[in-house]
Amino acid sequence: METHQGFLSTDPHELYYWRMQRGRDRMERDKVAEQNQYKRRLRVCVATCNRADYSKLAPIMFGIKSHPDEFDLEVMVLGSHLIDDYGNTFRMIEQDDFDIGSKLHTIVRGEDEAAMVESVGLALVKLPDVLQRLRPDILVIHGDRFDALALATAAALMNIRILHVEGGEVSGTIDDSIRHAISKLAHYHACCTPRAEQYLIAMCEDHSRILLAGCPSYDKLLSPQHREDYMDIIKSWLGDKVQKNDYIVALQHPVTTDIRHSIKIYGLMLDALLSFNKKTLILFPNIDAGSKEMVRVMRKKGIEQHPNFRAVKHIPFEQFIQLVCHAGCMIGNSSCGVREAGAFGTPVINLGTRQTGRETGENVLHVRDADTHNKIYHALELQFGKRYPCSKIYGDGNAVPRILKFLRSIDLDKPLQKTFCFPPVKDSISQDIDHILETQSALSVDLGGTNLRVAIVCMMGNIVKKYAQPNPKTFEARMQLIVKMCSDAIRDAVGLNCRILGVGVSTGGRVNPQEGVVMHSTKLIPEWTSVNLRTPISDALHLPVWVDNDGNCAALAEKKFGHGKGVENFVTIITGTGIGGGIIHHSELVHGSTFCAAELGHIMVSFEGPECSCGSRGCIEAYASGMALQREAKRLHDEDLLKVEGMDMKLSEPVTAGHLINAARLGNSKADAVLNKACTALGVGIVNILHIVNPSLVILSGVLSSYYKTPVQHVINERALFSAQSIKVVTSELEEPALLGAASMVLDYATRRTY
């Protein structure tokens, strides 16, 4: 007797059908569980054709392999990986502990245009059998090689979904045509830069299938685990006597649309390197048409036997990157020079037209018309030994997590057929990508006399997260804390969906923003003179860094987020511990010839006034700053002239400017006289500013701004020229002008550079 649906049943027929139904239900549940298990393990095939694309695909492969419960990885190797003359580089894939499921010999030797076409044809003959056997859900291919074009063609015709890495870029050769052709065949795109994303959208690709990921190789380049054995690597490839920053890495490939000219440039490069007389690591060119002729030129000049040169076919990527990082210069036309080298600030000389369409950092010097030995030699003189700010144009080190998240979101039940969109090209970045809606943001650093503050600030001026620590006393401790706090913020930014574009630093004193150097600081921050802030922060964080005076930063904050938005000419004056400010003229910040412009606190309003912190007398700051008011409050207190009836003042608390203001409000004539003198001094100084730069707006910022606003406007009405009396004085509504101003440098200039 069995129970069925809550009652006892003795009917054998009913029990039979019930057992049958229960069996069918169990089978259905097992089927659903099997389907769910299948969905959880996405079968991903990664196809690599040469040493260059493996450096971009390997981080993705490691990421997929680290999630065996979600992904089933298949590795396909073809192209020059399997050719002895190019180093049999498939072995490095095996050394990375990847199981190579398929090896396809697809290269027809000859290294000319016809051989490239025949290689594509041979690959198309061999690929169908392999793809039919592997049956991947997704085929991941990279870049712009003719081998990759064969892969994309075969997969598209066999209804296999394609994820194309690094589409949408422009380099300036036949590679563009191949890359764009692959993009049109691919179903999904993982691109590296906002410009590439916009180009894909302009090519009518569905923007919901485009991921702005960054370059996967940057995940390894920007890893916090720097190799300490780089000198061993340098010595193993270049000899024991070679030091870092004192050698050259050369890598030149043929330009298949103009082979003869690219061979000529190659010969001129070798002549210039011979004349320059520095140790040089030179890599053999890739397998493109024209490479054999380039090797002949190299051997004819005796490069392989020359004591200054080390010619090699292949270097493992991790070692090659260390060699590029610590080189005095990189020369040639490899994409590594305009992409990966920028992450280290290594100076690069790009020869010819092969990479001229690429986005580059300021470390790249283009020699497009490299028609003479002298021109290339002069470029070497200009670049060798320099260091540039680290650039993150091509990524921020988080590409692989984004790509894995993107792969997980792919719905295999949706139709495979591509749909093309025809929208106008959008100016905004990534606003329509459902897979990753990151907010372009800046790290801002406010270096105060007491506290060191760091904030993540988004494009709209919202402070997403703020950090504060006491400012250490020594230079070394201060720099370590800046880097640590910024590193913590960068880690948090990923979870907060913020893409950090760079770092802005606001500090007191005179600053050279072009070099990122604090030339002379205030007395509030001792040991802070002739200090290069830009380079150590950029090197540690692999981000571009901007540095400026705190007064200038306050002006920039008003320009982007405050009363100065849309105003062409205005002045910001900070009324705090000291007096500072910034001048915006024709929508640009005024720095002056020696970066001393807008030292507004040191405008003299009296020959015989009180001594100022700058060593002079009669400056605005000596009358109207918080320190000046505190000094006068303490003097009155010592003379027992400060406290009045109704004023609450504890004996133990220090005397501040607030006590002076409170005493004046309660009728203390001595305190009132001090404040009237301070208001007059500040007002007269501002009248002088109005007569010199004639702004249309004066913005008072800082803790004393609300107190000074009305008296200053009164002084302007009394003492300014008639044409300047209509100029308005307003108080800032920004709560954190220093942090917002530091962020505005990044948000404005980094996006101008097309990060």
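This is a predicted model: local features need pLDDT of at least 70, side-chain atom pairs count only at pLDDT 80 or more; totals for chains, interfaces and linings use all residues.

Reply: Residues are numbered from 1 along each chain as its sequence is written, and side-chain values use heavy atoms, with hydrogens and water left out.

Me: What is the volume of the largest cavity?

Reply: A cavity is a set of points on a 1 Å grid over the protein atoms alone where a 1.4 Å probe fits but cannot get out; its lining residues have an atom within 4 Å of a point. Grid points are joined across faces, edges and corners, and a volume is the space filled by probe spheres set on the points. The search of the whole structure finds 10 cavities of 30 Å³ or more. For the largest cavity, the volume is about 640 Å³.

Me: Where does the largest cavity lie?

Reply: Its lining has 34 residues, with Asn50, Arg51, Ala52, Asp53 and Ser335 nearest the centre. Domain bounds come from an automatic or database domain assignment. Both domains give residues to the lining, so the largest cavity lies between domain 1 (42–215) and domain 2 (226–383).

Me: How many disulfides does the search find?

Reply: A disulfide is a pair of cysteine sulfur atoms within 2.5 Å. Cys614 is in none, and the nearest cysteine sulfur, that of Cys612, is 3.8 Å away. Over the whole structure, the number of disulfides found is zero.

Definitions and conventions. On a 1 Å grid over the protein atoms alone, a cavity is a set of points where a 1.4 Å probe fits but cannot get out, and a pocket is an open set with protein on both sides within 12 Å along at least five of seven lines; lining residues have an atom within 4 Å of a point.
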